[in-house]
Amino acid sequence: MSEVNPFETAQQQLDKAAKVLDLDKSVHQALREPMRTFIVNFQVKLDDGSMKTFKGYRVQYNDALGPTKGGLRFHPDETLDTVKALAAWMTWKTAVADVPYGGGKGGVVCNPKELSQAELERVSRGYIRAISNFIGPDKDIPAPDVYTNPQVMAWMMDEFSKSKGVNSPGVITGKPVEVGGSEGRGDATARGVIYTIREAAKELGIPLAEANIAIQGYGNAGYYCATLVQELLDCTVVAVSDSGGGVYNENGLDIEAAKEFKRANGSVSGFDGGEAITNQELLGLDVEVLIPAAIENALTKDNAHSVDADVVAEAANGPTTPEADDILCENGVYIIPDFLCNAGGVTVSYFEWVQNRNRYYWSKSEVYERLDKKMTKAFADVHSRAQEEGVDNRTAAYMVSIEKVAQAMKLRGWV
Ligand code: NAD
């Protein structure tokens with residue numbers, strides 16, 4: 001993927017929407033930078049007895065609408081600017097989804113594939129100890145993201161609870177159901193993506209039962225998008241990929257077999273249920289819906305011209321650079337922007353936090369129903385704003401979100 005700085009992308013997107021909104025200068029200035037940024041270095045004992053120092057970040061971008069909320073990544077290429085960008089997008093995401101949170105994000109520079117399970121647990125606990133004074137159920141609430149999972153969340157919740165001497169399930173979301181997680185959290189991001197694709201197809205008159213789908217990234221978001229787009233919308237998934245490469249079958253892929261192949265071999269690349277394709281080839285397939293579900297900067301000025309999809313549903317955060325965005329819009333591609341498209345995860349995280357605070361838990365069908373309502377409303381707000389103002393969907397999503405955050409900042413007397 002290209003070297004575009006994601007935080008500069010986030011700032012450029014904000015600037016574009018601020019111009020259309022004629023945003024007050026003081027609000028615009030305040031929203032261009034995070035309110036708080038923490039960089040921690042902490043020591044972890046490895047299995048061979050040696051000590052290693054790990055670097056972690058936590059960014060609390062803006063908390064005008066409520067405690068900051070956002071995932072944690074364990075990634076060898078994690079940078080402060082990536083975390084800042086993701087924290088900014090969380091601010092817009094919680095606002096557009098209408099959940100009472102601000103935006104935050106965190107990460108640890110590490111390669112979980114090179115850590116044993118015991119080392120992964122010590123890194124997870126070490127990171128939480130290092131930031132424990134800065135987070136909490138009313139302050140800042142982490143969640144899973146790239147290369148972190150419910151088990152990591154369980155260790156982190158446990159470490160925070162021990163350090164504070166209380167049982168505090170609401171400090172972190174995305175936990176296993178047995179320790180306070182919500183039903184329906186596992187596939188919530190993808191389910192939200194699917195609801196927005198359904199709504200976009202209604203607006204554009206795309207018959208989904210005849211639609212072909214290509215998905216880049218076959219992790220949590222990508223795999224569940226693949227299963228749910230078939231199960232709920234009756235579409236055909238013709239291509240999937242991951243960091244190792246992709247696979248294409250014009251008649252549709254066997255999603256479960258591809259998952260099993262990835263589990264056994266570490267990648268979908270080499271799966272014999274279709275022909276091998278590269279990630280770049282996948283992004284250029286003639287499909288109704290392209291779902292980038294990997295990492296940022298997948299679509300750039302170098303490959304955006306080759307996109308041949310009617311709809312790009314951004315399950316990933318920041319998959320499209322501003323130049324690529326312009327090219328896609330010029331070519332009439334309907335983009336469901338990331339912080340709207342993938343807001344299902346944070347929405348069910350919010351449901352989890354509400355359930356934790358009430359110590360009263362909902363059924364899966366209740367969670368799905370509430371999620372559908374929130375995503376459908378968020379999509380309608382953005383789509384109608386885009387139509388009214390004659391702007392692209394991303395700018396419209398920014399406008400809806402910025403107005404909510406700016407109003408809260410004004411009412412609090414910050415600007
Ligand atoms: P994950 O770690 O489960 O999966 C990531 C997938 O992307 C893996 O299959 C990996 O091989 C693939 N990948 C990594 N680098 C790639 C590359 N250069 N080219 C092609 N594929 C590549 O992560 P996830 O939780 O599924 O997150 C994926 C995206 O969705 C991220 O942008 C994340 O921020 C976003 N997202 C996730 C959630 C969630 O709840 N999981 C919520 C909102 C947004």
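The questions and answers below walk through a predicted model of one protein chain.

User: What kind of model is this, and how are residues numbered?
Analyst: This is a predicted model, where local features need pLDDT of at least 70, side-chain atom pairs count only at pLDDT 80 or more, and totals for chains, interfaces and linings use all residues. Side-chain values use heavy atoms, with hydrogens and water left out, and residues are numbered from 1 along each chain as its sequence is written.

User: Which domains does the chain have?
Analyst: The bounds come from an automatic or database domain assignment. That assignment gives domain 1 (1-33 + 186-415) and domain 2 (35-179).

User: How many residues of domain 2 are in contact with domain 1?
Analyst: The domain centres, taken over C-alpha atoms, are 22 Å apart. Contact means heavy atoms within 4.5 Å. On the domain 1 side, 41 residues take part; on the domain 2 side, the count is 41 residues.

User: Which residues does Ile402 touch?
Analyst: Ile402 is one of the core members that touch the most others. Leave out residues up to four places away in sequence, and its partners are Leu14, Ala17, Leu21, Leu23, Leu31 and Trp92.

User: How many residues are in the other core?
Analyst: Another core lies apart from the largest one. Its members include Val123, Tyr127, Ile135 and Val171, and its size is 24 residues.

User: Are α13 and α14 roughly parallel or roughly perpendicular?
Analyst: Helix α13 (residues 364-389) packs against helix α14 (residues 393-412) at about 110°, with the axes 8 Å apart. Axes are lines fitted to C-alpha atoms, for helices over the stretch in contact, and angles run from 0 to 180 degrees between N-to-C directions. Angles under 35 degrees count as roughly parallel, over 145 as roughly antiparallel, 65 to 115 as roughly perpendicular and the rest as oblique. So α13 and α14 are roughly perpendicular.

User: How many charged residues are in the contact of α13 with α14?
Analyst: From α13 come Asp381, Val382, Arg385, Ala386 and Glu389; they meet Asn393, Ala396, Ala397, Met399, Val400 and Glu403 of α14. Ala, Val, Leu, Ile, Met, Phe, Trp, Tyr, Cys and Pro count as nonpolar, Asp, Glu, Lys and Arg as charged, and the others, Gly among them, as polar. The classes are six nonpolar, one polar and, for charged residues, four.

User: Is Gly106 buried or exposed?
Analyst: Gly106 lies in strand β4 (residues 102-108). Beyond neighbours within four places in sequence, its contacts are Tyr57, Arg58, Gly71, Leu72, Arg73, Val83 and Tyr127. Its relative accessibility is 1%, so Gly106 is buried.

User: What distance separates the C-alpha atoms of Asp338 and Gly318?
Analyst: Asp338 is in helix α11 (residues 338-341), and at 1% relative accessibility it counts as buried. Gly318 is among the residues that Asp338 touches, as are Trp89 and Arg394. Asp338 and Gly318 are 20 residues apart along the chain, yet their C-alpha atoms are separated by 6.5 Å.

User: Is Arg359 buried or exposed?
Analyst: Arg359 sits in the loop between α12 (344-358) and α13. Its phi is positive, near 50°, and it is not a glycine. Its relative accessible area is 53%, so Arg359 is exposed.

Key:
Helices (H or I, at least four residues) and strands (E, at least two) are DSSP runs, numbered from the N terminus. A nonpolar core is a set of buried Ala, Val, Leu, Ile, Met, Phe, Trp, Tyr and Cys residues joined through side-chain atoms within 4.5 Å. Buried means under 20% relative accessible area, exposed over 50%, partly exposed in between (1.4 Å probe, protein chains only).
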